[in-house]
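Q: Before we turn to particular residues, could you walk me through how contacts between rings, surface patches and strand pairings are to be read in a model?

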Amino acid sequence: MSLLHKGLRHRLTLFLAVLGPGFITASVDQDAPGIFTYSQAGAQFGYALLWTMIPISVSLIVVQEMAARMGAVTGKGLSDLIREEFGFRITFFLMIALVVTNFGNVVAEFAGVASSLELFGASRYVVVPAAAFIVWVIAVRGTYDSIEKIFLTASAFYVSYVIAGLLAQPDWKAAAFATVTRPSATGIRSYSYVYMVVALVGTTIAPWMQFYLQASVVEKGVTVRQYWASRWDVVLGCLFAVVIAWFIIVACAATLYTNGIHNITSATDAAQALRPLAGDYAYLLFAAGLFNASLFAASILPISTAYAVCEGLGFESGLDKKFHEAPVFYWLYTLLIVAGAGVLLIPDLPLVYISVLSQVANGVVLPFVLIFMLMLTNDRELMGAYTNSRRFNVIAWATVIVMILLTIVMMVRRG
Amino acid sequence: MSVVALSELLGATVRDATGTVRGRVREIAVAPQDHPTRVAYLIVKTPGGERALPADDVKSCGGTVRTVTESGQWSAYVPSDGVLLLKRDLLDQQIIDVHGRKVVRVNDVEIESTPTNGHLLLNVVAVDVGARGAIRRLSKGVVPSFTLRLLLEKIPPRVIPWQFVDLLETDPARRVKLKIAYEGLAGLHPADIADIVEDLPAAEREAVFETIDEEVAAETLEELDPDVKVSIVESLDKDRAADIVEEMDPDAAADLLGDLAEEHSGEILKEMEPKERREVTQLLEFGEHTAAGRMTTEFIAVPENGVVDDAIEALKTFEGGREALATIYLTGPAQKLSGAVPLVKIAISSPAIGLSQLSEPYIACAPDTPQNEVAALFDKYNLITLAVVDEHGRLAGIITADDVITMLRHRD
């Protein structure tokens, strides 16, 4: 075997060994509220919002790359670093905010599980407790490796959206063109258009992702030497996520928008509206994709929240500990699942309101998290030679500022 | 004598001998080279820049620090690697709680102040890792300090006395200056050290393995999770790695080197002593999942015509692992395995009895026996050790019961 060939194979093996965290995080990002937002974007504006996909990919990659790099260089989680660099008080309030926000997200994910299976005629009073149990078991019984395999498999199921998109028979040329053209000036003046852009960006970059990604890079034992592979994992994961989003928008644009259905109120709404237009298979794939995404996200959020909070505040954490050794960790984890799922069993719950609230909470917490991340990745004492480059900083700060402005706009308009 | 918390001192106003406010406390420094726990100086932020206020000048401390000297006598603060800065190096950082055998995060630091000759002696006595320190820091500046003190007294303290604290420092030069040697950690059982090490970030793991005694490091390495083991050894410099690997049991060393990337294992082997290198290379040539891959070449073999006393002499000079002592093997002409004597029989027999009289039927297997069959033999014959015999009937090595337990536990 030639040296070159051997080197290539070695690098490929290394890449496959490191693959996972970035890909999983980006996939989980396409959760129930995410799928709803993309569907809504397609239904309401057709192909007109596809131009957002490229800037969204860039920001997503920039932010996720920082989290992964911090994990590989320091070997510590994001909440650990925030605690060590910014002190106890800041960490305490940030962790409270994170718990509240993530609780809202957990509820939204279980709502996604319930409504997707209701499309198949299952009662939520059976489905939600069952899903909660599965989520609990996956984390408590699984090892990091086995969980990662389950999650990577779940990521693959997102392809169902690509197939649904193909079944919708869109106008490919128009869609491709809309992706690379500048937004039209008239659109920007309309309120609902701006609102939708904000929602698209907001649903793609969430605070929990940064904590989760960094923690799993650390957990996987990725070090600086393998970081180049981790970076590819992040980039490919983000691109994959955006491609999925693109197909969801295209599927809804080609069917719902074209047929004058401009207003949907949930992701299941979108699935139902697709049925007469794109056929039973597209409908089933859409619903199954939603179920997969919601369950997937519901499995990750509670455990990653418990880890982040306990590590930041100095409580014992880890599934290798017994209950009495790490009570706060287990209580927090269990409560997030039980309460998050339990809320859905209350009859006549205003689900839309809760989902909006959880996104607002995400929006409030996110700027703080991003600013901390930027400060940390620019700290030479912490990152050594791996601080942000000047060009990277420009893009990253621009992303942060745009995110903050968009969030403020969204909240002012909502309030 | 009273105890003051670091978080109370930080930000406290400083009044000099004239009673004038001169600044605020920004940091507190301990110089371990002069005294392991004594506060050397307080760094005071004054309008004229940062000053190092010698701890000997402090008359009283708490919400306000009063000094016996005037501010003009305080020298300018010059940053130094050789001092431990309590806020930067300790507060909110992780440390090893040697007594509780785990990694914990510091919520606050307790400093004891003892009046001596008109000034105070300040000593670090403990770190607070419980709710008391947490609540103190949350409420600082929000709740009046008197009320806060009353409230905090009601919270049971969770503190770790300073002698049980091992600091984590990743810079080797600074470890030397701060006299961090992980003595407390190294005194623990290797299995406990391994648990602690697995909870640490990569750089801190490396720091521990660069510092602790090679023998302890070797034993700890054997207890670690294979992935962690590999990443630690690959991060150490080759000399150090070779020193540690030499101290490991040859079978564990061979397993470890087999898991490393070829470039790393080759370089480590090159640095090893010839004797250890030979043993390990031999083992490396066999498949990992065979009897030979699991065996150790450190065992006790005595000529079959020897007596009990010869066996006892061999025991005295044996340098291998204790688990290999359970059976004394007997060899005949050309090193052929001819018998086995359990250690118990040696202990209860008189020194002059011939070993061949004590010999029992033994169980042996070939070097290429798959590990599953090895486990089956242990199960069937209730073995403690199993002889591995080459094609000429010579004893090549032995497998001990603990190897089998490890093997079974790691089989997925």
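The dialogue below takes up ring pairs, a surface patch and a strand in turn.

Q: How should I read a pair of aromatic rings, and how many such pairs does a search of the whole structure find?
A: The model is a predicted one. In general, a pair of aromatic rings is described by two quantities, the distance of the centres and the angle of the planes. Over all chains, the search of this structure finds 14 aromatic pairs. In one of them, the ring centres of Phe23(A) and Phe240(A) are 5.0 Å apart and the planes stand at 20 degrees, so this pair is classed as stacked. Phe23(A) belongs to helix α2 (residues 21–29) of chain A and Phe240(A) to helix α14 (residues 227–257) of chain A, so the pair ties together parts that lie 217 residues apart in sequence.

Q: Are Phe23(A) and Phe240(A) buried or exposed?
A: Both Phe23(A) and Phe240(A) are buried. For another geometry, take Trp172(A) and Phe247(A), which form an edge-to-face pair with 6.2 Å from centre to centre and 65 degrees between the planes. Here Trp172(A) lies in helix α10 (residues 172–180) of chain A while Phe247(A) lies in helix α14 of chain A, so this pair ties together parts that are 75 residues apart in sequence. As for accessibility, Trp172(A) is partly exposed, with a relative accessible area of 36%, whereas Phe247(A) is buried at 13%.

Q: Which residues form a nonpolar patch on the surface, and which elements give two or more residues to it?
A: The nonpolar patch is formed by Phe120(A), Val159(A), Ile163(A), Leu167(A), Tyr281(A) and Leu284(A), which together have about 550 Å² of accessible area. Two or more residues come from each of α9 (159–167) and α16 (280–313) of chain A, and the largest share, three residues, is that of α9(A). Leu167(A) is a residue of helix α9 of chain A, and at 35% relative accessibility Leu167(A) counts as partly exposed.

Q: How should I read the side chains of a strand, and which way do those of strand β10 of chain B point?
A: In a regular strand the side chains alternate between the two faces of the sheet. In strand β10 (residues 94–97) of chain B, Gln94(B) and Ile96(B) point one way and Ile95(B) and Asp97(B) the other way, and all of these are buried.

Q: To which strands do bridges join β10(B)?
A: Four bridges join β10(B) to strand β11 (residues 102–105) of chain B, the two running antiparallel, and Gln94(B) has Arg105(B) as its bridge partner in β11(B). The hairpin of β10(B) and β11(B) has four residues between the strands, and Arg101(B) takes a positive phi near 55 degrees there.

Note on methods
Residues are numbered from 1 along each chain as its sequence is written. Chains are lettered from A and ligands numbered from 1 in the order in which they are written. This is a predicted model: local features need pLDDT of at least 70, side-chain atom pairs count only at pLDDT 80 or more; totals for chains, interfaces and linings use all residues. Side-chain values use heavy atoms; hydrogens and water are left out. Rings of Phe, Tyr and Trp (its six-membered ring) pair if their centres lie within 6.5 Å; planes under 30 degrees apart count as stacked, over 60 as edge-to-face and the rest as tilted. Buried means under 20% relative accessible area, exposed over 50%, partly exposed in between (1.4 Å probe, protein chains only). Patches are made of residues with over 30% relative accessible area and no salt bridge: like charges are joined within 9 Å, nonpolar side chains (Val, Leu, Ile, Met, Phe, Trp, Tyr) within 5 Å. Accessible areas come from the Shrake-Rupley method with a 1.4 Å probe; for residues, only the protein chains shown count as cover. A salt bridge is a side-chain nitrogen of Lys or Arg within 4 Å of a carboxyl oxygen of Asp or Glu. Two strands pair if DSSP finds at least two bridges between them.
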